[in-house]
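The following note is intended for a colleague who is meeting this structure for the first time. Please read the numbered points alongside the model.

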Amino acid sequence: MIAFELMQTATSGVAQALHTLATAPLAEPAPKGIIDTSGVVTFFASKIAPILLAVLGVIFIGRASRGEISKVLTSSAIAIVGLAFIAGAATLFFVGDYLIDLIFE
């Protein structure tokens, strides 16, 4: 009797597991168009960044012509610190890539 109940419980558990596997959605196919991230970064670095720097330059010149030299110096210092952070992030990206290559080779 105990063996019969044990077998019945195991059978129902296997049936439930197979039903769950049968109704699980299949993995979606890989995307056909892969985004070229290096191309996106190159585009921003070559097209967008110079335009933003030119806009900052025009703003700084406009403020300096009105006699707001202290605001221009403060804004310039903030812009330089921001560029230093961006350069530091890029450096850490390359250092991290180097460390990953070093560890997993």
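1. Glu 68 counts as partly exposed, because its relative accessibility is 24% (buried means under 20% relative accessible area, exposed over 50%, and partly exposed in between, with a 1.4 Å probe and protein chains only). The side chain of Glu 68 meets that of Arg 66 in a salt bridge, at 3.8 Å from N to O. The term denotes a side-chain nitrogen of Lys or Arg within 4 Å of a carboxyl oxygen of Asp or Glu. Arg 66 is exposed, since its relative accessible area is 60%. The structure holds 1 salt bridge. Side chains of opposite charge can pair when their charged atoms come close.

2. On the basis of the note: this is a predicted model, in which local features need pLDDT of at least 70 and side-chain atom pairs count only at pLDDT 80 or more, while totals for chains, interfaces and linings use all residues. Residues are numbered from 1 along each chain as its sequence is written, and side-chain values use heavy atoms, with hydrogens and water left out.

3. On confidence: pLDDT is the predictor's confidence in each residue, from 0 to 100. The chain has a mean pLDDT of 75, and 67% of its residues reach 70 or more. Where pLDDT is low, the predicted coordinates should not be read in detail.

4. On the overall architecture: the chain has 3 helices and 0 strands (DSSP runs numbered from the N terminus, helices being H or I of at least four residues and strands E of at least two). Of the 105 residues, 3% count as buried. The chain exposes about 9300 Å², of which carbon and sulfur atoms supply 76%; accessible areas come from the Shrake-Rupley method with a 1.4 Å probe, and for residues only the protein chains shown count as cover.

5. Which residues form a nonpolar patch on the surface? They are Ile 51, Leu 53, Val 55, Leu 56, Ile 59, Leu 83 and Ile 86, with about 630 Å² of accessible area together. The elements giving two or more residues to this patch are helix 2 (37–65) and helix 3 (69–103), and the largest share, 5 residues, comes from helix 2. Patch residues have over 30% relative accessible area and no salt bridge; like charges are joined within 9 Å, and nonpolar side chains (Val, Leu, Ile, Met, Phe, Trp, Tyr) within 5 Å. Leu 56, found in helix 2, counts as partly exposed because its relative accessibility is 34%.

6. Ala 64 also lies in helix 2. Apart from neighbours within four places in sequence, Ala 64 is in contact (heavy atoms within 4.5 Å) with Ile 69 and Val 72. Ala 64 is partly exposed, as its relative accessible area is 32%.
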